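Biologist: Please take one part of this model and go through it closely. I would like to know what lies inside and what packs around it.

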Amino acid sequence: SYKLFPLSKLFGLPLWIADKFVDNWFRSTLVNSAIRSFKPQFVHAMELQNAGYIAAKAMVPQSTAKLIATNWGSDIFWFQQFPKHRDRLKNLLSVADYYSCECNRDVALAKSLGFQGQVMPVIPNAGGFSKELLSKQVPLLADRKVIAIKGYHGWVGRAKVALEAVEAIATELKAYRLVVYSANRGTIKLAKQIAKRTGLDISIFGKGKLSHNQVLELFASAKIYVGLSLSDGISTSLLESMAMGAIPVQTATACCDEWFTDSGVKVTEITVEGVQKAILEGLKLAENQAHSDRNREIIRTKADADDVAKIAQGFYNL
């Protein structure tokens, strides 16, 4: 291993702030120095808006190192709409030799921005699920009485719209326990107000309050999962919900059409009216156990952790 900056834990944040004023000059200089000294075969930028921009600026012209650019989540899908970021993305993709991402949508976007190198296999960034988890028996949909709602609202998350939709159809949801997880302050406040106004049974967990295993247990008890975002790659929560047998109600921005067709609900309109319709559609789909079984089989086929790991390891055998 190569330790780029020995005091990075102490000075990392101040350096990041200072670097914003000089177009990543400090960190790109450090990476450039490392490339010259270490002479790596590959430089792998894990995310584009920080690592990618820095790596593009740092690449040594005479170096034989190849640049792998890995797209996380919204790196291209969201940021391409901003002229400054669009120009930087074009510059990065023009010097990148390889490109990896978790959505075929983002392969097309990278090519539209000028990428002409080799596209790596499209796999989930989160790494997939163990065979043990995917073979675990989970409750039938008919025995589930929980609706799980991703509770983040801010930047691109739109949990408040989900909660407002829930309030609009409160009468139809009286038989369910609603669990809002990863909630931030505004979402927590709104969820409490809605519970008081409607009498709905709503449990709220702040961001980080549930462990990963507890989140998986939540999805295993949920009839449907609701996740709304203006932008995403593959939503990890989407894959987790499918792995544990819940019916996903997910915004189309999460490449969900690459993971399900008629065994989940693709939300194309992030409005109260659009989301309440999607929630009721999800509950209707949950009346058929075959939808849950199909979702679990999709995850076994496309997101087995061993298979994903083998593919990822092959990135460096180029």
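Modeller: I will start with helix α9, residues 212-221, whose buried residues are V215, L216, L218, F219 and A220. The model is predicted. An α-helix has 3.6 residues a turn, so residues three or four places apart point the same way. The cover over the buried residues of α9 includes the helices α6 and α10 and the strands β5, β8 and β10.

Five of its seven residues are buried, so β8 is largely enclosed by the rest of the structure. Strand β5 is joined to β8 by five bridges, and the two run parallel. Within that pairing, I147 stands opposite L178 of β8. Another five bridges join β8 to β9, residues 201-206, again in parallel. There, A183 has G206 of β9 as its bridge partner.

The largest nonpolar core has 34 residues, and the members that touch the most others are I147, I149, L173, I202, I224, V226 and I279. A separate second core, of 31 residues, has A148, L239, M244 and A303 among its members.

Helix α10 (236-243) and helix α6 (131-135), both part of the cover of α9, also pack against the buried residues of α12, as do β11 (247-251) and α11 (272-285). The buried residues of α12 are H291, S292, N295, R296, I298 and I299. They cover an arc of only 155 degrees around the axis, so they sit on the same side of α12. The length of α12 can be checked too: at 1.5 Å a residue, its 14 residues, 289-302, should span 20 Å, and the end C-alpha atoms are 20 Å apart, which agrees. At the start of this helix, a side-chain oxygen of N288 comes within 2.9 Å of the backbone nitrogen of A290.

Methods
Residues numbered from 1 in each chain as written. Predicted model: local features only at pLDDT ≥ 70, side-chain atom pairs only at ≥ 80, totals over all residues. Heavy atoms only, no water. Helix = DSSP H or I, 4+ residues; strand = E, 2+ residues; numbered from the N terminus. Expected span 1.5 Å × (residues − 1). Buried < 20%, exposed > 50% of the residue type's maximum accessible area, 1.4 Å probe, protein only. Arc of directions from axis to C-beta. Contact = heavy atoms within 4.5 Å. Polar contact = N/O pair within 3.5 Å; in protein donor to acceptor, adjacent residues only side chain to side chain. Core = buried A, V, L, I, M, F, W, Y, C linked by side-chain atoms within 4.5 Å. Pairing = 2+ DSSP bridges.
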